[in-house]
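Subject: Structure handover and findings

Hello,

I am passing on the structure below. Please read the notes after it alongside the coordinates.

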Amino acid sequence: MTPTAARFTGNRLRASASIEAVAGPGGATRLPVLASQAPLVLRRTPDSVYLVGGAAGPLGGDSLALRITVGAGAFLRVRTAAAAIALPGLDGLESVLRVSVTVADGGRLEYLPEPVVVTAGARHATLVSVALADGASLVLRDEIVLGRHGEAGGSARTVLQVSYAGSPLLRQSLSVAGTDPVSLGPAVLSGHRAVGNLLLAGPPSGTPPSTTRPGGSSAAPQADGPTVAVMPLAGPGVLVTALANDAVTLRKRLAWTST
């Protein structure tokens, strides 16, 4: 698959990518649609589809869109090859990544990107919308790191909207900035520079058969001091939120699944 060219409007780039997974013979999953535009370049491996950055960024003003469709009984794991580095643009605009997901009955999606690092002066938004059919399941990870080494970091906002069987399951938004005292205060980041979520949604059979706490012990997700919060949802699912001072520690604090 050769990515098509992205569109430019002034200093702004617009690009999109699409993945469709369907159940094939013998339980194998086929990918009839795997279409991308640089910098959203898709590459398939034996166990995952990777989103490979085809250019630097995202840069301020860029508008990127990823559409994922998982059919009945199909399984899809989506990863990114490396962390995304959000950089400021020439005109101070926000870069935006929109992820739209649909999972049919019996389908399962594991969306496990690497962190978004928001550099000084950058403004970035990640907007995720998920529609799960009754019997569908989802593992979704979302991580933000404010700044590279020695940087305060820019501004980041995330919006996560998930519905299950036609009813709202989760509506969450977060806005933080590396130079904002409120963001760094005790009510939000509590002085940390990395924040992340791990969402397990769907029926119990759709979640990993065993969960592994950091250090290798098996246990159900539970709060782990002031840096980890676990919220059972009013529906089939649980949301784990963690704070840390770096990406490695954040990942460990979110490592309750086998993925």
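This is a predicted model: local features need pLDDT of at least 70, side-chain atom pairs count only at pLDDT 80 or more; totals for chains, interfaces and linings use all residues.

Residues are numbered from 1 along each chain as its sequence is written, and side-chain values use heavy atoms, with hydrogens and water left out.

Strand β13

Strands are DSSP runs (E, at least two residues), numbered from the N terminus. Strand β13 spans residues 137–146, and ten of its ten residues are buried, so the rest of the structure largely encloses it. Buried means under 20% relative accessible area (1.4 Å probe, protein chains only). In a regular strand, side chains alternate between the two faces of the sheet. In β13, Ser137, Val139, Arg141, Glu143 and Val145 point one way, and Leu138, Leu140, Asp142, Ile144 and Leu146 point the other way.

Two strands count as paired if DSSP finds at least two bridges between them. Strand β10 (residues 108–112) runs parallel to β13, joined by four bridges, with Arg108 and Ser137 as bridge partners. Strand β11 (residues 116–118) is also parallel to β13, over three bridges; here Val118 stands opposite Leu146. Strand β16 (residues 194–201) pairs with β13 in the antiparallel sense over eight bridges, and Leu138 stands opposite Ala201.

Nonpolar cores

A nonpolar core is a set of buried Ala, Val, Leu, Ile, Met, Phe, Trp, Tyr and Cys residues joined through side-chain atoms within 4.5 Å. The largest has 38 residues, and those touching the most other members are Ile19, Ile68, Leu76, Leu109, Tyr111, Leu132 and Leu199. Strand β2 (residues 12–23) supplies the largest share of this core, five residues. Apart from it lies another core of 14 residues, including Leu112, Val117, Ala194 and Val240.

Leu51 lies in strand β5 (residues 49–53) and is buried, at a relative accessible area of 12%. Leaving aside neighbours within four places in sequence, Leu51 is in contact (heavy atoms within 4.5 Å) with residues including Leu40, Leu66 and Thr80.

Thr80 belongs to strand β7 (residues 75–80) and is buried too, with a relative accessible area of 14%. A polar atom of the Thr80 side chain lies 2.7 Å from the backbone nitrogen of Glu114. Beyond four places in sequence, Thr80 touches Tyr50, Leu51, Leu112, Pro113 and Glu114.

Regards

Definitions and conventions
Buried means under 20% relative accessible area, exposed over 50%, partly exposed in between (1.4 Å probe, protein chains only). A polar contact is a pair of N or O atoms within 3.5 Å; within protein, one must be able to donate a hydrogen and the other to accept it, and residues adjacent in sequence count only if both atoms are side-chain atoms.
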